[in-house]
Amino acid sequence: MIPFLDLKGLNAQYRAELIEACTRVIDSGWYIQGNECKEFDKEFAQYCGAKYAIGVANGLDALILILRAYKELGIMNDGDEVIVPSNTYIASILAISENNLVPILVEPNINSYLIDPSKIEEKITSKTKAILPVHLYGQTCEMDKINEIAKKYNLKVIEDSAQSHGAYFGNKRSGNLGDASGFSFYPGKNLGALGDGGAVTTNDEELAQTIRALANYGSHKKYENLYKGVNSRLDEIQASFLRVKLKYLDNEIEQRRKIANYYLENIKNNNIILPTVRADDNHVWHLFVIRTAKRDELQKYLLDNGIQTLIHYPIPPHKQVAYKEWNNESYLISEQIHDEVLSLPISGVQSLEDSEKIVKVLNDYK
Ligand SMILES: *Cc1c(COP(=O)(O)O)cnc(C)c1O
């Protein structure tokens with residue numbers, strides 16, 4: 001069976017260095033907010049081209065804390081609106097509702113799967129405070145257009161970079177394309193920890209300090225609390241693993257790009273719609289997502305031929321039980337995407353033979 005993602009094989013490449021990092025943490029006697037976190041924050045900020053990175057417990061918390069910090073700074077209030085794509089992983093939307101803010105769904109472009117900038121302005125009201133573009137599947141959104149709209153209406157731009165570590169828009173990377181950005185280091189992400197992890201990046205010093213305090217009980221100084229904060233910290237041990245894996249991230253992206261290009265050039269089947277890419281560098285291929293009318297049938301056919309695929313995602317956010325208030329609304333493009341998408345295997349350790357087999361089996365599909 002060709003696995004969707006061989007996580008074990010992926011981390012096995014770095015086994016010796018990961019053990020060394022882990023040993024360093026064990027022997028340091030310091031397990032929370034120590035040197036590994038401090039160094040990782042520096043290294044990750046530098047990688048993204050941002051001034052500040054703040055390691056937190058996971059990607060959802062990164063997004064929650066950005067919005068929470070804007071509330072503490074008086075920039076947002078309960079009931080304010082945040083624009084978000086109608087097709088995203090639920091966490092992008094949960095971060096908004098968790099803060100008593102109102103998610104306003106905007107349809108994606110059917111070809112790029114990314115929020116359609118031409119549909120944003122019609123959703124802006126006097127309560128709109130931010131746009132939360134999601135660089136879904138690893139491709140950056142049209143940030144020039146989004147930032148222009150944000151500037152015109154004085155909105156914050158919060159990137160959901162959970163799937164786009166290392167992706168460029170122009171000469172800037174995800175994490176440095178708006179006012180603040182949330183990253184996830186969930187094991188399956190392009191930069192994955194061996195457990196949960198996340199980070200916020202920003203160039204805004206005040207925002208960075210506020211988030212750092214909020215994530216640490218609201219405390220900027222030991223036993224003094226500015227805010228009613230939470231405990232959302234990146235572990236030393238995960239930071240030490242991430243420092244190892246960050247060094248190889250660009251190489252892994254390159255491997256993914258090779259597989260994606262191979263798929264793009266060789267999959268030839270009229271029943272299958274391939275993903276569209278704007279330019280070379282803006283896609284880091286966290287997921288390679290095709291579309292087809294009879295998706296469940298294709299998935300079963302691939303499985304019968306020894307190829308594991310996944311669906312990102314089967315149920316649109318507005319059809320989730322958790323968002324009952326939206327269940328009667330329709331977002332037709334998002335619904336079509338959710339009905340038709342299928343993610344093919346892709347990773348830094350997938351062999352050429354496996355990619356060849358996948359292409360052959362797909363091209364034989366009728
Ligand atoms: C993974 C993911 C998140 C959440 O990250 P966690 O670390 O799992 O909390 C948020 N947004 C998107 C788009 C994601 O893919």
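Modeller: Start with H8. Its buried residues are Glu236, Gln238, Ala239, Ser240, Phe241, Leu242, Arg243, Val244, Lys245 and Leu246. Buried means under 20% relative accessible area, exposed means over 50%, and partly exposed lies in between (1.4 Å probe, protein chains only). The model is predicted: local features need pLDDT of at least 70, side-chain atom pairs need 80 or more, and totals for chains, interfaces and linings use all residues. Residues are numbered from 1 along each chain as its sequence is written, and side-chain values use heavy atoms, without hydrogens or water.

Colleague: What makes H8 "mostly covered"?

Modeller: Ten of its twelve residues are buried. The cover includes helix H1 (7-12), helix H2 (15-28), H3 and helix H9 (249-266). Helices (H or I, at least four residues) and strands (E, at least two) are DSSP runs, numbered from the N terminus.

Colleague: How is the packing of H3 and H8 described?

Modeller: Two packed helices are described by the angle between their axes and the distance between the axes. Helix H3 (residues 35-48) and helix H8 (residues 236-247) have axes that come within 8 Å and cross at roughly 35°. Axes are lines fitted to C-alpha atoms, for helices over the stretch in contact; angles run from 0 to 180 degrees between N-to-C directions.

Colleague: Is the crossing of H3 and H8 left-handed or right-handed?

Modeller: Left-handed. That term needs the near helix turned anticlockwise from the far one by less than a right angle; clockwise is right-handed.

Colleague: Which residues of H3 and H8 meet?

Modeller: On H3, Asn35, Glu36, Cys37, Glu39, Phe40, Glu43, Phe44 and Tyr47; on H8, Glu236, Ala239, Ser240, Leu242, Arg243 and Leu246. They divide into seven nonpolar, two polar and five charged. Ala, Val, Leu, Ile, Met, Phe, Trp, Tyr, Cys and Pro count as nonpolar, Asp, Glu, Lys and Arg as charged, and the others, Gly among them, as polar.

Colleague: What about H4 and H5?

Modeller: The axes of helix H4 (residues 59-72) and helix H5 (residues 90-98) come within 9 Å, crossing at roughly 35°. This crossing is right-handed. Leu60, Leu63, Ile64 and Leu67 of H4 make the contact with Ala91, Ser92, Leu94, Ala95, Ile96 and Glu98 of H5. Eight are nonpolar, one is polar and one is charged.

Colleague: Why is His318 called buried?

Modeller: Its relative accessibility is 0%, so His318 counts as buried. His318 lies in the loop between helix H10 (295-304) and helix H11 (332-340).

Colleague: What makes a polar contact of the side chains of His318 and Glu335?

Modeller: They come to 2.7 Å. A polar contact is a pair of N or O atoms within 3.5 Å; within protein, one must be able to donate a hydrogen and the other to accept it, and residues adjacent in sequence count only if both atoms are side-chain atoms.

Colleague: Why is Asn176 called buried?

Modeller: Its relative accessible area is 13%, so Asn176 falls in the buried class. The side chain of Asn176 reaches the backbone oxygen of Gly49 at 3.1 Å. Beyond neighbours within four places in sequence, Asn176 is in contact (heavy atoms within 4.5 Å) with Cys48, Gly49, Ala50, Glu159 and Asn203.

Colleague: Is Gln33 buried or partly exposed?

Modeller: Gln33 is at 36%, so it counts as partly exposed. Gln33 sits in the loop between H2 and H3.

Colleague: Is Tyr137 buried or exposed?

Modeller: Tyr137 is at 3%, so it counts as buried. Its loop runs between strand S4 (128-131) and helix H6 (143-153).

Colleague: What backbone values deserve a look at Gln33 and Tyr137?

Modeller: Most residues other than glycine have a negative phi, and most peptide bonds are trans. Gln33 is not a glycine, yet has a positive phi of about 50°. Tyr137, also not a glycine, has a positive phi of about 65°.

Colleague: What kind of peptide bond joins His312 and Tyr313?

Modeller: A cis one, with omega about 15°. Tyr313 lies in the loop between H10 and H11.
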